[in-house]
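This report describes selected local features of one protein structure.

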Amino acid sequence: MMSASKVIVVGAGIAGLVSAYELNKHGHDVIVLEASQRVGGRMITDCSNGYLIDGGAQFLSSAYQILSGIIEELGISSEYLETNRSVGIVRHGRIHKFRYDNAFSLLTGGLLDFGEWLSLEIGSFRLLRKTNKLPINDYSAWIEFDDEAAESWSNGYYGNTITEYFVEPLLEAFYFQSPSDTSKALPIAINAFGAHKAKTMTLANGIGSLPEQMAKELDVRLNTPVSNVLVTPDGVSVAAPAQRFEADRVILATPAYVSKDIYRSPSALERKLLNTTYSSTVNIAIALKSKLSKEMSLDDIYGVWVPRAERKVIAAFTIESRKETDRAGSGELVHVMLSGEAGKMMVEQDESHISQKVLAEIDRYIPGISEKIAFTRVYRWKNAEPSSPVGRCKAVFEYRNGFNTRNKVVLAGDYLGMPFTEGAAETGHWAASIVNMA
């Protein structure tokens, strides 16, 4: 490692915080500049009238090595809790329950017939034999599979039914992306979570508590938007309102569309990455005055995925007491995520219109929900997740493997990784390793 250097990290989302956290441990002089008034980006938790609402990212995973390690280092492992393992997928208007740790339950729960189930199990097992040693958080490692759209691959590999009632709802529920527009690298990587026997996890104080705890260890300047990142002969100059910061290195850890506006001298490959597009969604938190009745309980299911053949606008919804029992006090909290198509169409519509469309659809699964509402909260995510079309994985691989450690600007952020929280964190970890090696 070189001697300690001065580093500016632009962006206090999870990618920026992880890079700053790692560099701080190695003795570098690190300042984090954040345009907004809070840290965490899409890792946001609000507390309203006793209801704890995760407004963006919804959960973590025991397979998240970087974030699980930081949680342990911060001394908050006691707050790191496993959620309910039961999930439902809608088929022919009915919710079919299964447990993500019990593949046989896809058959016994009635979602798949024996032939469909066998096709999924054999296909998934064959994939695991090829991929179980690949890191699930490093998107560049999956370049071998970045050669075909997920839909055409899944139809040929598993069959149309598995595509429609497993692969498609999974991509929409978690990433708001259509399999026709997404590289097969993404669902194949998600399949690899099975090799890690991954558990879905949450934090007792909400997912936003993690970036807040990390920020306490760092020098974070909120309400400090960056307008220009300029490489100079002596280092990098970063322009912010009424102040200019000089540094040896800059880690640019903002979303692609933000970095594109402020980074003045990207290479052709960097420019390609900075043109990454994003899927959209709207998250709607529906706070209920009381617990769900037995008739409305959905048999202890935590989350429900709604395939495109079954949905209008809802891709998924969760019952938050099954995430963590104290989320809603004496009431209940239902969290709804719109599909990417619906999110793009509705993200700027007024709240009453959004709520009307959502309630009309979710009443099919939780009848009478409208009569129990205490309040609703709408979270609009125009840029929810980086799109993962064929070619993005290859571009990330080329950027990393061709990176010159003498470069003074290092890119990090969601568009350089897997489109989930650990993926963004891994890009920050990688960026910090580059600075440490230089």
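## Ser 280 and its surroundings

Contact here means that heavy atoms lie within 4.5 Å. The model is predicted. Leaving aside neighbours within four places in sequence, Ser 280 is in contact with Phe 176, Ser 339, Gly 340, Gly 343, Lys 344, Trp 381, Lys 382 and Ala 384.

Ser 280 belongs to strand 15, which covers residues 278-288. Its relative accessible area is 8%, so Ser 280 is classed as buried. One of its contact partners, Lys 382, also takes part through its backbone: the side chain of Ser 280 reaches the backbone oxygen of Lys 382 at 2.5 Å.

## Two further serines

Ser 297 is located in the loop that runs between strand 15 and strand 16 (303-305). With a relative accessibility of 18%, Ser 297 counts as buried, because the cut-off for that class is under 20%. Apart from neighbours within four places in sequence, Ser 297 is in contact with Leu 292, Ile 319 and Arg 322. The C-alpha atoms of Ser 297 and Ile 366 are separated by 7.9 Å, although the two residues are 69 residues apart along the chain.

Ser 5 is placed in the segment before strand 1. Its relative accessibility is 3%, and Ser 5 therefore counts as buried. Once neighbours within four places in sequence are set aside, the contacts of Ser 5 are with His 28, Asp 29, Asp 248 and Val 435.

## Strand 1 and strand 2

Strand 1 (residues 6-10) is mostly covered, with 4 of its 5 residues buried. Strand 1 pairs with strand 2 (residues 29-33) in the parallel sense, over 5 bridges. Within this pairing, Lys 6 stands opposite Asp 29 of strand 2. Asp 29 is also among the residues in contact with Ser 5.

How many residues of strand 7 (residues 86-91) are buried? The count is 6 of 6, and the strand is mostly covered. In a regular strand the side chains alternate between the two faces of the sheet. In strand 7, Ser 86, Gly 88 and Val 90 point one way, while Val 87, Ile 89 and Arg 91 point the other way, and all are buried.

Strand 7 has an antiparallel pairing with strand 8 (residues 94-99) over 6 bridges. Val 87 has Phe 98 as its bridge partner in strand 8. The two strands form a hairpin with 2 residues between them, and His 92 in the turn has a positive phi of about 55°. Strand 7 also pairs with strand 16, in the parallel sense and over 3 bridges; here Gly 88 stands opposite Val 304.

Strands in the order 11-12-13 make up an open sheet of 3 strands with antiparallel pairing. Strand 11 (228-232) and strand 13 (243-247) stand at the edges and have a single partner strand each, so one side of each is left without a neighbour in the sheet. Neighbouring strands of this sheet are turned by 20° against each other on average, direction ignored.

Between strand 11 and strand 12 (residues 235-240), which run antiparallel, there are 5 bridges. In one of the pairings, Asn 228 has Ala 239 of strand 12 as its bridge partner.

## Aromatic pairs and a cluster

A search of the whole structure finds 22 aromatic pairs. Phe 114 and Trp 117 form one that is tilted, at 5.9 Å centre to centre and with 35° between the planes. These two residues are 3 residues apart in helix 4 (residues 114-131), and are therefore separated by about one helical turn. Trp 117 is buried, with a relative accessible area of 13%.

Phe 403 and Trp 430 form an edge-to-face pair, at 5.6 Å centre to centre and with 80° between the planes. Phe 403 lies in the loop between helix 13 (392-401) and strand 20 (409-411), whereas Trp 430 lies in helix 14 (residues 421-437), so the pair ties together parts that are 27 residues apart in sequence. Phe 403 is buried at a relative accessible area of 12%, and Trp 430 counts as buried at 13%. One aromatic cluster is formed by Phe 59, Tyr 64, Phe 98, Phe 166, Phe 174, Tyr 175, Phe 193, Trp 305 and Phe 420. Of these, Phe 98 is the bridge partner of Val 87. Arg 91 lies over the face of Tyr 165, at 4.8 Å from the ring centre.

Terms used
Residues are numbered from 1 along each chain as its sequence is written. This is a predicted model: local features need pLDDT of at least 70, side-chain atom pairs count only at pLDDT 80 or more; totals for chains, interfaces and linings use all residues. Side-chain values use heavy atoms; hydrogens and water are left out. Rings of Phe, Tyr and Trp (its six-membered ring) pair if their centres lie within 6.5 Å; planes under 30 degrees apart count as stacked, over 60 as edge-to-face and the rest as tilted. Buried means under 20% relative accessible area, exposed over 50%, partly exposed in between (1.4 Å probe, protein chains only). A charge sits over a ring if NZ of Lys or CZ of Arg is within 6 Å of the ring centre and within 35 degrees of the ring normal. A polar contact is a pair of N or O atoms within 3.5 Å; within protein, one must be able to donate a hydrogen and the other to accept it, and residues adjacent in sequence count only if both atoms are side-chain atoms. Two strands pair if DSSP finds at least two bridges between them. Axes are lines fitted to C-alpha atoms, for helices over the stretch in contact, and angles run from 0 to 180 degrees between N-to-C directions.
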